[in-house]
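Please open the model in your viewer and keep the selection panel at hand.

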Amino acid sequence: MNVTPNSGEGISAPPPHEAYANAPDLRREMHRVLALGAERDGRQARPLSGPPVDATAAERAWRLRRAALMDRMALDDPGPGPGPVAAAAETAEQLVLHDRRHPDLVAGPHHPDAITLAPSRRLYVRQEYAAWTAAGHPGI
């Protein structure tokens, strides 16, 4: 495994406009991520229609979509203060930690350990969101 310490150099993550080209608009995605979180926490029942869902894959899809949403919000409003940028970094870190425990769910070419700085973990989110979209949104 190639680890690039202290940088995101050499990580071929797609730029945001490509990674999120097929993403729903922010408002719709925010509602969907909140609904998935409510299903995950048992505050809302999952619809019974559709095939059974693998809990680990569903957890990962929620974490990925949440991290991508936060990344997109930070890109739209990188203003002063930690707000959106800090939230994007935190949710990206949560995805990385999840993917370290479940490496079989990693879809992109770079393993989460290939990017070692928290800001660069947003590159990992973009890589994984693009791969997840290309794979037809598994886990939902």
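Which residues do ring pairs link into a cluster? Select Tyr-20, Tyr-129 and Trp-132, which are joined in this way, where rings of Phe, Tyr and Trp (its six-membered ring) pair if their centres lie within 6.5 Å, and planes under 30 degrees apart count as stacked, over 60 as edge-to-face and the rest as tilted.

Before going further, note that this is a predicted model, in which local features need pLDDT of at least 70 and side-chain atom pairs count only at pLDDT 80 or more, while totals for chains, interfaces and linings use all residues. Residues are numbered from 1 along each chain as its sequence is written, and side-chain values use heavy atoms, with hydrogens and water left out.

**The ring cluster**

A search of the whole structure finds 2 aromatic pairs. In the edge-to-face pair, Tyr-20 and Tyr-129 lie 5.3 Å centre to centre, with 65° between the planes. Tyr-20 belongs to the loop between α1 (16–19) and α2, and Tyr-129 to helix α5 (residues 121–134), so this pair ties together parts that are 109 residues apart in sequence; helices here are DSSP runs (H or I, at least four residues), and strands are DSSP runs too (E, at least two), numbered from the N terminus.

Buried means under 20% relative accessible area, exposed over 50%, and partly exposed in between (1.4 Å probe, protein chains only).

Next, show Arg-72, whose charged end sits over the ring of Tyr-20, 6.0 Å from the ring centre; the criterion is that NZ of Lys or CZ of Arg is within 6 Å of the ring centre and within 35 degrees of the ring normal.

Select Leu-64 in helix α3, which counts as buried at 0% relative accessibility. Leaving aside neighbours within four places in sequence, Leu-64 is in contact (heavy atoms within 4.5 Å) with Leu-95, Val-125, Glu-128, Tyr-129 and Trp-132. From there move to Val-125 in helix α5, buried with a relative accessible area of 1%. Beyond four places in sequence, the residues that Val-125 touches include Tyr-20, Leu-64 and Leu-95. A C-alpha to C-alpha distance of 9.9 Å separates Val-125 from Pro-14, although the two are 111 residues apart in sequence.

**Helix α2 against helix α3**

Finally, colour α2 (residues 26–41) and α3 (residues 55–76), which pack at an angle of about 145° with their axes 10 Å apart. Axes are lines fitted to C-alpha atoms, for helices over the stretch in contact, and angles run from 0 to 180 degrees between N-to-C directions. Among the contact residues are Leu-26, Val-33 and Arg-40 of α2, and Trp-62, Leu-69 and Arg-72 of α3.

**The whole chain**

Zoom out to see 5 helices and 0 strands. Of the 140 residues of the chain, 41% count as buried.
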